[in-house]
Amino acid sequence: MRVVVGVCGGIAAYKVVGVIRTLVLEGHDVHVIPTESALQFVGATTFEAISRNPVSTDLFHGVAEVKHVALGQSADVVLIAPATANTIAKLAAGLSDNLLTNSVLASRAPVVVAPAMHTEMWENPATQHNIGLLRERGMRLVGPESGQLTGSDVGVGRLAEHDAIVAAVTTALAPRDLEGRTVVISAGGTREPIDPVRFIGNRSSGAQGVALAEAARDRGADVVLVGANLEVPAPAGVRTVPVSTVAELREAVLERSGTADILVMAAAVSDYRPTTTAEKKMKKDAAGGGTSIELTQNPDILAELGAQESRPVLVGFAAETESDESALVELGAGKRERKGADLIAVNRVDEGRGFGTPDNEVLIVGDGGTVAARACGSKRTVADAILDAALAVRR
Ligand SMILES: Cc1cc2nc3c(=O)[nH]c(=O)nc-3n(C[C@H](O)[C@H](O)[C@H](O)COP(=O)(O)O)c2cc1C
């Protein structure tokens, strides 16, 4: 996607370099338009190197390419960060006196505005009036936040955090194809207690399930995230139900499956639990140098959901250690059949792959045990591919 980033003349301009870098690493084609004042804070060389695209502030440069409108017209989203009081006022008035304001006026893309300024400037009635006008026109505000400002003062006016700005841009770019739908996602790894301090668990951090929740939210869904011992923060704007054991996860998912349109079981669920849980911490000496724990099989939640007569589109996960693709597809097809799921996302896990890593690779096995889709890249990319495949089943 093409992201145009307008950078204005505020101290927080240096922070936006990190945002630009993240957007580039996520695969976006990023074009930076700094104002003249912005270049007092961060040089064009930095913006060019980080965005990997030429940078220009000059309205009358590259006239043959009609740059003053071309950048805005071709944008899928425009981000203005940090947005100064001055540029906010210009946007509110509809001025077009530099390359950035021309580009905004020439664009039909969603505009995300991340203001940053001292509290007095932010609270000034002129700025508040201008912000109100931008909101009314559908521009999306992210921040400002309260906190330490430049110098020693503290108050509202601090640039929104890096992740919040990136999320606002990603949300603005997402298709709204899940609007009006409810998506339930289980994520994380269950823990079955052995005693008050020990448990049987697994290596799942919950990152893939959280990426699914974020993607579904950005695409307009009402999202419920049943999170089992998540090691990553639950995203804003989704309803999170914290659980720990398989029994808790089962209850939370079954309670919500009736109202879901799509249900993705991304949590790593323990097949077994200790038959009894010791009330007190088990002592090493009491075991006499060795011990064994009797295990009882847990209910198969995916199969239970798959057997329901009226159920949402059901997506299961299979974490496998086979290296051969045809063996992975076969395992996925077998699991899909046994569980009665619509899709099985098979991912290969081993040391350094799948669990606890930023990237993932899945084969999505669908109708007839064939590969409905395959996805490789960030967990967000994989999440979008899974949601695309689930929507295709729904249609
Ligand atoms: C050191 C310094 C820091 C500034 N920080 C901000 C700021 O955070 N927010 C703001 O609205 N203006 C800030 N300004 C004022 C703007 O640079 C000034 O209003 C300028 O005209 C903005 O131009 P632009 O909107 O075209 O980038 C700062 C000025 C200086 C000298």
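**Group meeting talk: a walk through a predicted model**

Arg52 sits in the loop that runs between helix H2 (44–51) and helix H3 (67–74). Its backbone is worth a look too: Arg52 has a positive phi of about 65°, although it is not a glycine.

Before I go on, please keep in mind that this is a predicted model.

You will find Asn229 in the loop between strand E11 (222–228) and strand E12 (239–243).

Now let me step back to the whole chain. The protein chain has 395 residues, and buried residues make up 49% of them. Its secondary structure comes to 13 helices and 19 strands. If you draw a box around the C-alpha atoms along the principal axes, you get roughly 75 × 50 × 35 Å.

Which residues come nearest to the ligand? Out of the 14 residues around it, those are Gly9, Thr35, Thr84, Ala85 and Thr87. Sorted by class, the shell has seven nonpolar residues, seven polar residues and no charged ones. Helix H4, residues 85–93, gives the largest share of that shell, with three residues.

For Gly9, a backbone N or O atom lies 2.7 Å from an oxygen atom of the ligand. Ser37 uses its side chain instead: a polar atom there is 3.1 Å from an oxygen atom of the ligand. At Ala116, a polar backbone atom is 2.8 Å from a nitrogen atom of the ligand. And how much of the ligand does the protein bury? Taken alone, the ligand exposes 640 Å², and the protein buries 64% of that.

Next, a patch on the surface. Ile11, Tyr14 and Phe41 form a nonpolar patch there, and together they have about 320 Å² of accessible area. Ile11 belongs to the loop between strand E1 (2–7) and helix H1 (13–25). Is Ile11 buried, exposed or partly exposed? With a relative accessible area of 45%, Ile11 is partly exposed, because that value falls between the 20% and 50% cut-offs.

The bond from Ala81 to Pro82 is cis, with omega near -15°. Pro82 is part of strand E3, residues 77–83. The bond from Gly143 to Pro144 is cis as well, with omega near 0°. Pro144, for its part, lies in the loop between strand E5 (140–141) and E6.

That brings us to strand E6 itself, residues 145–148, where Gly147 has its place. Gly147 counts as buried because its relative accessibility is 16%, and buried means under 20%. How far apart are Gly147 and Arg158 in space? Their C-alpha atoms are 6.2 Å apart, while in sequence the two residues are separated by 11 residues.

Thanks, everyone, and I'm happy to hear your thoughts.

Technical notes. Residues numbered from 1 in each chain as written. Predicted model: local features only at pLDDT ≥ 70, side-chain atom pairs only at ≥ 80, totals over all residues. Heavy atoms only, no water. Patch = residues over 30% accessible without salt bridge, like charges linked within 9 Å, V, L, I, M, F, W, Y side chains within 5 Å. Areas by Shrake-Rupley, 256 points an atom, 1.4 Å probe, with all protein chains shown as cover. Salt bridge = Lys/Arg side-chain N within 4 Å of Asp/Glu carboxyl O. Helix = DSSP H or I, 4+ residues; strand = E, 2+ residues; numbered from the N terminus. Buried < 20%, exposed > 50% of the residue type's maximum accessible area, 1.4 Å probe, protein only. Near = heavy atom within 4 Å. Polar contact = N/O pair within 3.5 Å; in protein donor to acceptor, adjacent residues only side chain to side chain. Nonpolar A, V, L, I, M, F, W, Y, C, P; charged D, E, K, R; others polar.
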